[in-house]
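This report is an introduction for a reader who is new to the structure shown below. Please keep the sequence and the model in view while reading.

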Amino acid sequence: MERLRSWFQTNKRSLPWRDNPTPYSVWVSEIMLQQTRAEVVIPYFHEWMKKFPNIQSLAEAPIESVIKTWEGLGYYSRARNLHAGAQTIIQQFSGQIPSSSDELNKIKGIGPYTIGAIRSFAFKQKAAAVDGNVLRVISRYKGIKEDIGKTKTRKLIENEVFKILPENAPWEIMEAFIELGAQVCGKKALCSSCPLKRDCYTNLNGQQKILPIKEKKIQYEKRFRAVALIENNQHFLVRKVNEGEIMSGLYEFFYIDLNSPEEEINKILTHLEKKSALPLIYRKKLPKVNHTFTRFRVQILPFLLQTKEQKEVPSYQWKTLEELDLLPFSSGHKKVLQNLKKIFKT
Ligand code: SF4
């Protein structure tokens, strides 16, 4: 493992959460990094730490400002869990992130990987932090021919990692495995540059195309959605998504689901009028936007529509563009908002 350690010391990327890691900075960064590349996370991490520099400030912040800061990272339940988790830490752990697995497990949104990461990187314990990178690297390195999507395989790999970790600075080797997965042993394994190549099962047996084994792929469901930017006197109709719905806490424009992206505009308009109970005048189409979330791939077809007065529509509010700018939106509706702003600022 010493070859891996020295490779890591020479090649590790400089990332803001790696300088003086604290339990809080490790927690926040690891939640942000789930299914998101480090380069994307960096500006979010800086902004978050500026607004919520510690557990106390996060626990006391209004949820809207937490979600607004997260806007664009997707999977908003993570932001809500960080907020709820900070409140648990204040109430149950006197404001200090605990260092044991059992206690960390009581905090909302913290799963086995994050527990391992906090114990390893922040508390410098010998602990396995197995993310997607580590699953891939270890299954190749040890020749584990089991589906890495299964919990059973994850546990097996956690045990393997624990056995491999040395007594001397185990956290450094733990992070080195993650970095190796990000830089060298990626989807395409760059074995000739790998510090593990001499004793890696996959390299010795030429099985780079076989390992890791991943059986199930996410089946995305396609959706088509007409988004209505209903305007009156430079005010637009939006609603805050209810608790319990996907995207809860975020804002969205008025929309209807379509059977196909080719539906006639008149038909769409009739549906929209029926749903909003507003008389609508078609103004123009805005550029299409693609939005992927959970298991959905949505093609958003935005339309600018006008209505003659600001009638009340249950659950909806009329907002100016300046007000909309301050609200958190899902990334799909945010892109629509940006295109809308271009029209009204010219
Ligand atoms: S030698 Fe190749 S397959 Fe093995 S860990 Fe390194 S990059 Fe991955």
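Against which element do the buried residues of α10 pack? The buried residues of α10 pack against α9. The sections below place this helix in its setting.

## Basis of the report

The model is predicted; local features need pLDDT of at least 70, side-chain atom pairs count only at pLDDT 80 or more, and totals for chains, interfaces and linings use all residues. Residues are numbered from 1 along each chain as its sequence is written.

## Overall architecture

The protein has 15 helices and seven strands. Taken along the principal axes, the box filled by the C-alpha atoms is roughly 70 × 50 × 35 Å.

Of the 346 residues, 35% count as buried. A residue is buried if 20 or more other C-beta atoms lie within 10 Å of its own, exposed if 12 or fewer do, and partly exposed in between, with C-beta atoms placed from the backbone. Among contacts between residues at least 6 apart in sequence, 66% join residues at least 24 apart. Two residues are in contact if their C-beta atoms, placed from the backbone, lie within 7 Å.

## Two domains

The protein is divided into domain 1 (2–205) and domain 2 (221–345), with bounds that come from an automatic or database domain assignment. The centres of the two domains, taken over C-alpha atoms, are separated by 37 Å.

Nine residues of domain 1 are in contact with eight residues of domain 2. On the side of domain 1 that touches domain 2, helix α5 (residues 63–70) gives the most, with four residues. The residues of that side divide into three nonpolar, two polar and four charged. In this grouping, Ala, Val, Leu, Ile, Met, Phe, Trp, Tyr, Cys and Pro count as nonpolar, Asp, Glu, Lys and Arg as charged, and the others, Gly among them, as polar.

## The surroundings of the ligand

Of the 15 residues around the ligand, Cys185, Cys191, Cys194, Cys200 and Asn203 come nearest. The elements that give two or more residues to this shell are α9 (132–142) and α12 (201–205).

The largest share of the shell, three residues, comes from α9. By class, the shell has 10 nonpolar, three polar and two charged residues.

In helix α2 (residues 23–33), 10 of the 11 residues are buried, so the helix is largely enclosed by the rest of the structure. Among these buried residues are Tyr24, Trp27, Glu30 and Leu33. The buried residues of α2 pack against α3 (38–51), α4 (55–60), α6 (77–92) and α8 (112–122). Helix α2 is followed by Gln35, whose phi is positive, near 60 degrees.

The 14 residues of helix α10 (residues 151–164) should span 20 Å at 1.5 Å a residue, and its end C-alpha atoms are 20 Å apart, which agrees; the expected span is 1.5 Å times one less than the number of residues. Its buried residues are Thr153, Ile157, Glu158 and Val161. Seen down the axis of α10, these residues fall within an arc of 145 degrees, so they line one face of the helix. The arc is that of the directions from the helix axis to the C-beta atoms. The face turned away from the buried side carries the exposed residues Thr151, Lys152, Asn159 and Lys163.

## Local backbone features

Lys124, in the loop between α8 and α9, has a positive phi of about 55 degrees although it is not a glycine. Lys124 counts as partly exposed because it has 14 C-beta neighbours inside 10 Å. Ser315 lies in the loop between β6 (296–306) and β7 (316–320). Ser315 is not a glycine either, yet has a positive phi of about 75 degrees. With 8 C-beta neighbours inside 10 Å, Ser315 counts as exposed.

The peptide bond from Leu211 to Pro212 is cis, with omega near 0 degrees. Pro212 is found in the loop between α12 and β1 (221–232).

Methods:
A residue is near a molecule or strand if its C-beta atom, placed from the backbone, lies within 6 Å of it.
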